[in-house]
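Welcome, and please get your viewer ready. We will go from one selection to the next and look at what is there.

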Amino acid sequence: MRPRRRGPLSWLAVIVVSAMIGSIATMLFLPAMIRSHLLSLPVAQAPGTNLSPPSGVQQTVSYTVDTGIVQAVNKVKPAIVGVVNVAKVPDFWRGQVVQKDQGVGSGVIFDPRGYVVTNNHVVEGASAVEVVLANGQRVKASIVGTDPLTDLAVLRIPADQVKADMVAAFGNSDTLQPGEPAIAIGNPLGLEFRQTVTVGVISATGRTLPITDSQGQVVWEQDVIQTDAAINPGNSGGALCNIEGQVIGINSSKITQTAQGPVEGLGFAIPINEAKPIIQQLITNGKVIRPILGITAVSLQELPLESRPQVPVDYGVVVDQPTAGAAAAGLQEGDVIVQVDNTAVHNVSDLRKALFVKKPGDTVSVTFYRGQQKLTVNVKLSAAP
């Protein structure tokens, strides 16, 4: 049997009944939906008001930036000072000698007793030194000691000028990794721009820069941290900090020009772990007393392959021009030192660190290769000239 076809009135009845059911359901569930925040109602607007900002008018939104870098800067900034090199110069108009600022660098307060570390070249040749605190106050400073080889100097200001938050904490430069944040704080181009903050990364660790004397002869190799944080004249002696606001280096130099042309982003800082024993000796002795083996040394890996001694290792320090205790103990040119006492020696930096904890007059055990033969001798250390 064929099904009956619905007429127009039947369909109309279905539509009306469905609409009534939907309306009743909406009325029943609407309050619950509002209470559950599934549905929001528009806010009534008074006639004639406009909630939208006028065309062309900007809205101001306030927010606070408190990143790790900002926190680190705020932590260490009170410890960063200006260091003014004051010199005596003739005043031809008055016919007398007067004191005049001849240079400005940076420094870091690191001890509540008033000790400040800076670069030697910042205070070199000064007849007097003054320190400019973070608040702009200028105080007299005394030079405790200087070390031209590492380009470090320690000053002292009155302890009553140092508040607790003005003392920087030293970090650990031995754990630095290329790519981690580096923050430089100092006084580029003088006190007008004091406490300038520049930010970059640790570009490399374990770099060395040659230190030359007035005749241009290399007399020392300084370990440095390489960074691309901007370091400019006046930043010398300031702090290179990590993200914790700890000082991990003392800014010292930058390279701006080479034979290949201008250079950008090559700044260098003295690692704080290298600086700490120097600082302590300057406080204790007023100078640095270095024990030496009595050799001119070069790291084996710095030599071209064809110039290296034929030894069964690819590290160590090659002996050249042995004198003093080294010569007396029998060390010869071409010997490769690989250990001092119980400390492995991979390069010149390792040798320097192994000796620095000793004193002139101490005797150390030196292990080295002469060709394929491994030997050990005792060497009496002498004082560096």
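Which residues does arginine 138 touch, not counting residues up to four places away in sequence? Select arginine 138 and its contacts come up as Val84, Asp101, Glu130, Val131 and Val132. Keep in mind that this is a predicted model.

Now show the side chains of arginine 138 and glutamate 130. A polar contact links the two side chains, at 2.3 Å.

Next, color by strand and find S5, residues 138–147, which includes arginine 138.

Move on to helix H2, residues 68–76, and select Ala72, Val73 and Val76, which are buried. Around the helix axis they cover an arc of only 100°, so they sit on the same side of H2. What do the buried residues of H2 pack against? Select strands S1 (80–91), S7 (181–186), S8 (196–212), S10 (239–241) and S11 (247–254) to see their partners.

Last stop: color by confidence. The protein has an average pLDDT of 85, and 78% of the residues score at least 70. Confidence is highest in strand S3 (residues 115–118), at a mean of 98, and lowest in helix H1 (residues 8–35), at 59.

Note on methods. Residues numbered from 1 in each chain as written. Predicted model: local features only at pLDDT ≥ 70, side-chain atom pairs only at ≥ 80, totals over all residues. Heavy atoms only, no water. Helix = DSSP H or I, 4+ residues; strand = E, 2+ residues; numbered from the N terminus. Contact = heavy atoms within 4.5 Å. Polar contact = N/O pair within 3.5 Å; in protein donor to acceptor, adjacent residues only side chain to side chain. pLDDT = per-residue confidence, 0-100. Buried < 20%, exposed > 50% of the residue type's maximum accessible area, 1.4 Å probe, protein only. Arc of directions from axis to C-beta.
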